[in-house]
There are 4 protein chains.
Amino acid sequence: MTTAVKEPTKTAVMKALVYHGPGKRAWEDKPKAAVKDPTDAVVRITTSTICGTDLHIMKGDVPTVTDGRILGHEGVGLVESVGSSVQNFKVGDRVLVSCITSCGKCDYCKRGMFSHCRNGGWILGNLIDGTQAEYVRIPHADNSLYKAPEGVPEEALVMLSDIFPTGFECGVLNGTVKPGDKVAIVGSGPIGLAALLTAQFYSPALLILIDRDDNRLQVSRSFGATHTINYEKENVAERIQQLTGEGVDVAIEAVGVPSSIDTCQAIIAPGGHIANIGVHGKPVEFHLEKLWDRNITLTTRLVDTVTTPMLLKVLRSGKLDARKMGTHNFALSDVMKAYDTFGNAAKEKALKVVLKA
Amino acid sequence: MTTAVKEPTKTAVMKALVYHGPGKRAWEDKPKAAVKDPTDAVVRITTSTICGTDLHIMKGDVPTVTDGRILGHEGVGLVESVGSSVQNFKVGDRVLVSCITSCGKCDYCKRGMFSHCRNGGWILGNLIDGTQAEYVRIPHADNSLYKAPEGVPEEALVMLSDIFPTGFECGVLNGTVKPGDKVAIVGSGPIGLAALLTAQFYSPALLILIDRDDNRLQVSRSFGATHTINYEKENVAERIQQLTGEGVDVAIEAVGVPSSIDTCQAIIAPGGHIANIGVHGKPVEFHLEKLWDRNITLTTRLVDTVTTPMLLKVLRSGKLDARKMGTHNFALSDVMKAYDTFGNAAKEKALKVVLKA
Amino acid sequence: MTTAVKEPTKTAVMKALVYHGPGKRAWEDKPKAAVKDPTDAVVRITTSTICGTDLHIMKGDVPTVTDGRILGHEGVGLVESVGSSVQNFKVGDRVLVSCITSCGKCDYCKRGMFSHCRNGGWILGNLIDGTQAEYVRIPHADNSLYKAPEGVPEEALVMLSDIFPTGFECGVLNGTVKPGDKVAIVGSGPIGLAALLTAQFYSPALLILIDRDDNRLQVSRSFGATHTINYEKENVAERIQQLTGEGVDVAIEAVGVPSSIDTCQAIIAPGGHIANIGVHGKPVEFHLEKLWDRNITLTTRLVDTVTTPMLLKVLRSGKLDARKMGTHNFALSDVMKAYDTFGNAAKEKALKVVLKA
Amino acid sequence: MTTAVKEPTKTAVMKALVYHGPGKRAWEDKPKAAVKDPTDAVVRITTSTICGTDLHIMKGDVPTVTDGRILGHEGVGLVESVGSSVQNFKVGDRVLVSCITSCGKCDYCKRGMFSHCRNGGWILGNLIDGTQAEYVRIPHADNSLYKAPEGVPEEALVMLSDIFPTGFECGVLNGTVKPGDKVAIVGSGPIGLAALLTAQFYSPALLILIDRDDNRLQVSRSFGATHTINYEKENVAERIQQLTGEGVDVAIEAVGVPSSIDTCQAIIAPGGHIANIGVHGKPVEFHLEKLWDRNITLTTRLVDTVTTPMLLKVLRSGKLDARKMGTHNFALSDVMKAYDTFGNAAKEKALKVVLKA
């Protein structure tokens with residue numbers, strides 16, 4: 001099953017989106033990605049996208065990303081070459097790249113915590129070069145790539161690199177959404193919307209989206225929200241009380257700021273779950289003086305992508321319309337422009353930008 | 001099965017420990033407890049005890065408790081009379097009183113959240129008269145009393161009114177202690193020790209008790225702690241790191257102050273559970289900026305006493321030595337003195353004081 | 001909340017469908033149902049229906065049902081009177097009658113196994129008079145009735161007395177249907193169809209219905225089956241292999257004959273769940289010689305109706321169209337004719353017959 | 001971390017226990033085990049043992065085992081050499097060999113069903129050469145070997161190759177043993193005893209061992225059984241009724257014959273779990289006519305060894321005395337004699353025979 005490959009010669013080059021310090025990026029020549037370890041695969045990117053995290057990197061908020069790094073941790077493509085011990089993939093396979101690299105052999109991977117893989121985790125476009133490029137090297141390919149299901153368009157599939165497993169695992173599964181539940185999601189960006197779509201796998205009764213962007217709230221309704229609240233125009237706690245009586249069973253935080261966690265605490269019913277998805281830069285106040293006796297569960301999680309096989313099955317069955325996350329299309333070579341658009345997402349009414357090679 | 005009873009005449013009296021505002025209590029005459037509703041039972045108390053919460057009440061910290069209230073929510077006794085629709089108990093049955101009153105018919109009770117029972121919850125010695133008395137009226141007796149298993153001494157059994165279900169449900173179950181786990185418990189008072197004893201139902205590898213009272217830590221070791229840390233003498237985080245490498249799988253808070261929650265956050269391993277038991281009066285800082293990606297679960301809970309049947313089975317099997325929680329014995333009529341002793345628990349080296357009628 | 005009621009005088013009568021031994025039934029006068037115990041309620045039936053079990057009773061297959069018994073364990077109606085300790089309901093409330101009577105106070109009820117309630121279980125239309133009558137006495141009313149949600153038609157609601165909790169608990173929950181799963185249901189009678197509809201709460205990828213009645217299979221497709229197999233015309237195991245590769249994740253038995261269990265064993269994938277719903281009269285062969293190492297789970301269950309509150313929430317949210325189960329309508333007073341129609345369900349293309357008072 | 005190794009020359013030989021068809025085995029020269037694939041490791045066996053399955057093989061009952069195969073799937077040893085992509089181990093490491101080989105990259109491995117690994121499963125001493133030899137090649141070494149914890153004697157550790165994970169996963173975990181439970185184990189051979197010891201991780205109240213060998217029952221009591229029943233001398237169902245009232249919560253089958261499954265069905269309480277461990281050669285009768293409404297769960301499982309890390313933690317903590325499973329000691333070179341002894345286990349009062357190189 002393993003396919004021996006000739007490695008590209010030293011002079012091979014490729015184009016890539018390269019970070020050069022806060023605010024500086026370029027679409028420029030880089031040495032073409034190549035297999036280094038026997039467990040590596042190289043993927044020729046055919047579809048990629050940009051993540052909110054990439055914008056954070058561009059602001060200089062992610063110190064592990066250094067000058068010269070190719071960005072991007074989402075992508076779909078064709079296997080270009082594989083290392084000698086790769087078993088699951090061969091040259092020419094169409095694959096989904098997971099945002100999380102998993103070795104499959106460390107203690108964390110064996111526990112299903114790929115996010116904390118001792119030989120991987122979130123490294124793509126962070127500690128190693130990423131997917132906003134013509135080619136990308138994927139370490140531990142057998143456990144970090146997934147075969148593309150037939151009949152699924154790449155612009156749908158690429159949404160399973162990161163945002164769908166993130167919304168689903170950190171929000172929906174950690175929040176334990178159940179049939180008939182009352183669910184609120186704070187934040188209707190792509191991750192919040194991914195939580196919204198995947199929460200519907202479990203048939204909740206109420207799905208309330210909370211944001212301040214009326215366009216995003218409108219999109220939320222078209223994506224299945226039963227109610228929306230603009231928190232700059234309405235008192236969230238009062239409105240939730242009207243809608244639910246005693247609060248929501250599940251409150252999902254999909255922003256990453258203290259006020260969103262405050263909202264979750266204000267609207268959670270006894271016995272409820274608060275599931276944090278957002279990336280936080282500051283501590284928050286947790287109201288144990290009110291919540292100590294309310295049987296609350298609060299969870300945090302970096303996506304493990306352990307549910308990617310399940311999500312692929314649902315995607316293939318037609319019960320998840322992932323494609324509608326992509327609002328804007330660009331050629332991969334226009335990624336510089338795509339960053340500009342995505343950087344003004346609210347004004348541009350952008351959810352995800354799709355980059356096609 | 002229901003037993004009709006003649007209600008006591010109006011002049012019947014009993015002795016009881018009565019709260020008269022902050023700092024004031026008396027062992028005095030009160031009208032003898034009597035059946036009011038068809039679902040009530042009256043229990044003649046044969047064994048009772050004092051809870052840390054009773055001390056909080058005496059300080060005036062629990063505003064729902066008003067002048068004239070009989071205190072106490074723990075007890076064992078004999079059924080003295082039953083209302084017309086009580087089915088599970090008859091006069092003369094030896095019973096355990098649960099600290100939580102459960103109607104068994106509201107939505108919370110049906111979900112196993114007796115703590116939030118719409119017709120009960122923690123009301124004994126709080127909203128209605130309690131168990132530090134010769135007699136006590138127990139509403140919803142069928143769901144709030146338990147038959148005493150044969151062969152179990154009352155001084156062991158009474159510990160199942162509150163501290164064992166509390167330590168077990170809020171600490172051990174919410175913390176999901178598993179065989180081989182590394183567990184830390186912050187606080188070695190009676191509740192922390194109850195968590196310590198019941199955590200051993202699941203065979204953890206490490207059981208580390210953290211406190212500042214060397215006597216309590218010594219007791220902890222004799223109760224099964226594998227290690228103890230005096231946080232006034234040692235750096236907890238460093239010591240935990242030496243013992244565990246990356247932190248504990250489960251951190252149980254059994255004090256109720258912000259610094260204990262800080263400790264839990266400092267020592268928890270990725271993927272770990274922080275289970276709060278303590279009663280908190282202030283908000284705490286939750287370090288989402290560090291924990292957002294560490295796959296942490298934080299839980300709060302008021303004891304539901306849903307595990308009382310399980311605990312009774314374990315107690316009867318001899319695998320739980322609840323008796324050793326009782327360090328000091330008093331006659332029920334000496335409850336005033338017992339309060340003094342329990343109020344100086346550290347100096348008196350007291351865990352629980354046992355009151356026998 | 002409790003409402004004192006004047007008991008009806010002795011001479012009050014009502015009409016009811018009465019069993020008089022195998023093959024014999026009559027719509028005749030009976031004493032009007034009345035409160036006997038303080039926990040009882042009497043319900044005036046406004047909508048009822050007939051269950052396959054009632055047909056079994058009429059054949060003499062259920063020896064616990066004796067001459068003179070009023071049949072029926074499904075119904076919706078108005079509370080006519082309540083006993084002195086009923087708390088959740090008052091005269092005039094519109095209610096759903098659960099097919100399972102639960103006392104809420106015995107060990108089984110506390111474990112959520114209402115089916116094995118020591119003071120209830122399936123007794124309506126079996127050990128005590130049932131719901132195919134103008135009035136019915138419901139013991140332990142607080143735990144055996146449910147408030148009708150506003151805006152839900154009674155012909156939808158009545159399907160939650162039995163068939164929906166049965167299909168959901170015994171089939172879908174015990175089978176652990178998950179998003180993306182491959183699910184087969186053997187038998188497309190009302191119970192199989194209830195499993196089909198409620199399985200969709202969890203977004204399986206494949207939902208394959210297996211029966212020999214082409215009309216029922218056609219109905220299955222209109223109810224959401226992704227595939228159907230007529231086992232008299234096709235080889236089930238081969239077809240399942242084509243559709244699934246290695247078999248189904250969940251196989252639900254909704255008939256009650258050995259051959260259906262054989263089918264489940266033949267089509268189950270390694271790691272799969274076989275969930276029995278059917279009422280069986282004979283032992284079956286379990287192929288441990290093939291299945292011992294395939295990590296299979298086989299479950300049995302009498303419906304507990306613990307999920308009725310959840311189902312009511314889903315019903316009210318509009319995500320469950322229970323109404324379409326009712327294919328034929330009769331006046332309650334025409335229940336004799338309704339039995340004839342339901343007794344020829346295949347020929348009449350009947351699912352459930354709805355009886356309206 | 002990967003260590004390049006020189007492969008042994010062709011002439012290298014080793015001694016091994018070789019199967020030569022039913023009833024025929026020899027301790028003879030074989031080519032020394034060598035790394036073939038980059039994911040392989042070769043282990044020099046220092047401790048091994050014999051399994052009941054090896055005796056079945058010797059009878060010709062396992063057709064996948066062919067003439068010339070080295071037997072054995074349990075062992076402890078020192079890493080002798082590793083393939084180029086092995087990361088977790090280096091030459092000289094002391095390791096436990098798992099009876100199940102797991103690639104860590106196929107769909108079954110990702111679901112935790114290593115038993116059904118598409119590139120492994122139970123292959124050692126079956127489809128490839130095994131551990132009753134001086135050296136053994138272990139494919140997918142990173143996921144199929146475990147580092148030996150310090151301070152644990154090899155004769156204890158070797159019991160974690162197979163019998164402890166088997167008794168624990170197939171019996172205790174699948175049976176969902178809980179604190180206070182009533183548990184029966186049918187069969188007190190090594191696997192039944194492993195279930196007995198690991199069931200105690202969860203503090204059941206009753207642990208009843210059922211066998212016909214009084215010596216084994218005596219051993220069971222010394223290993224923690226609270227009661228034993230010799231089924232040739234006592235009526236099992238009656239005795240269980242006396243001990244439990246309504247039957248056991250968990251019945252574990254550890255023999256592999258229809259009559260043991262019959263016993264489990266006869267003694268299981270409503271809501272109970274029957275967990276099969278035994279290897280069965282015939283179908284069994286499953287009494288659905290009695291059990292359809294008793295809320296029973298029946299499970300089968302080939303050991304996945306997913307709990308080996310947990311068991312290692314418990315072993316290291318001192319809470320599992322695995323060593324006492326070894327009743328007889330032999331030099332590895334005396335394995336022919338060891339087979340004779342283990343083949344007469346009842347007469348020899350043997351549990352496991354320990355083979356030391």
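**Buried helices, salt bridges and a charged patch**

Thr308(B) sits in helix H11 (residues 308-317) of chain B, where helices (H or I, at least four residues) and strands (E, at least two) are DSSP runs numbered from the N terminus. The model is a predicted one, in which local features need pLDDT of at least 70 and side-chain atom pairs count only at pLDDT 80 or more, while totals for chains, interfaces and linings use all residues. Residues are numbered from 1 along each chain as its sequence is written, chains are lettered from A and ligands numbered from 1 in the order in which they are written, and side-chain values use heavy atoms, with hydrogens and water left out.

With a relative accessible area of 1%, Thr308(B) is buried; the label means under 20% relative accessible area, with exposed over 50% and partly exposed in between (1.4 Å probe, protein chains only). Setting aside residues up to four places away in sequence, Thr308(B) touches Leu96(B), Tyr146(B) and Pro165(B), a contact being heavy atoms within 4.5 Å.

Arg216(B) is another buried residue of chain B, at 11% relative accessible area, and it belongs to helix H7 (residues 214-222). Its contacts, again not counting residues up to four places away in sequence, are Ser188(B), Gly189(B), Pro190(B), Asp211(B), Ala345(B), Ala350(B) and Leu351(B). Asp340(B) lies 124 residues from Arg216(B) in sequence and 19 Å from it in space, C-alpha to C-alpha.

Over in chain A, helix H6 (residues 190-199) has 9 of its 10 residues buried, so it is largely enclosed by the rest of the structure. The buried set runs Pro190(A), Gly192(A), Leu193(A), Ala194(A), Ala195(A), Leu196(A), Leu197(A), Thr198(A) and Ala199(A). Ile50(A) is also buried, at 0% relative accessibility, but it is found in a loop, the one between strand S3 (41-49) and helix H1 (52-58) of chain A. Beyond its neighbours within four places in sequence, Ile50(A) is in contact with Glu74(A), Gln132(A), Val335(A), Ala338(A), Tyr339(A), Phe342(A), Lys352(A), Val353(A) and Leu355(A). Val65(A) is 15 residues away from Ile50(A) in sequence and 16 Å away in space, C-alpha to C-alpha.

Next come the charges. A search of the whole structure turns up 77 salt bridges over all chains, each one a side-chain nitrogen of Lys or Arg within 4 Å of a carboxyl oxygen of Asp or Glu. Lys105(D) and Asp142(A) meet in one of them, at 2.6 Å, N to O. Lys105(D) comes from the loop between strand S5 (94-97) and helix H2 (107-110) of chain D and Asp142(A) from helix H3 (residues 141-144) of chain A, so the pair joins two chains. Both partners are buried.

Glu246(A) and Arg118(B) pair up too, with their closest N and O atoms 2.5 Å apart. This pair also crosses between chains, going from the loop between helix H8 (236-244) and strand S11 (248-253) of chain A to the loop between helix H2 (107-110) and strand S6 (135-138) of chain B. Here Glu246(A) is partly exposed at 40%, and Arg118(B) is partly exposed at 43%. Elsewhere, Asp107(A), Arg118(A) and Glu246(B) are linked in a network of salt bridges.

Within chain C, Arg69(C) bridges to Asp129(C), the closest N and O atoms being 2.9 Å apart. The two are 60 residues apart and link distant parts of the chain, Arg69(C) being in the loop between helix H1 (52-58) and strand S4 (75-82) and Asp129(C) in the loop between helix H2 (107-110) and S6. Arg69(C) is buried at 15%, whereas Asp129(C) counts as partly exposed at 30%.

Most residues other than glycine have a negative phi. His140(C), not a glycine, has a positive phi of about 50 degrees; it lies in the loop between strand S6 (135-138) and helix H3 (141-144) and is buried at 9%. Asn295(C), also not a glycine, has a positive phi of about 55 degrees. Its place is the loop between helix H10 (288-291) and strand S14 (297-299), and it is buried at 10%.
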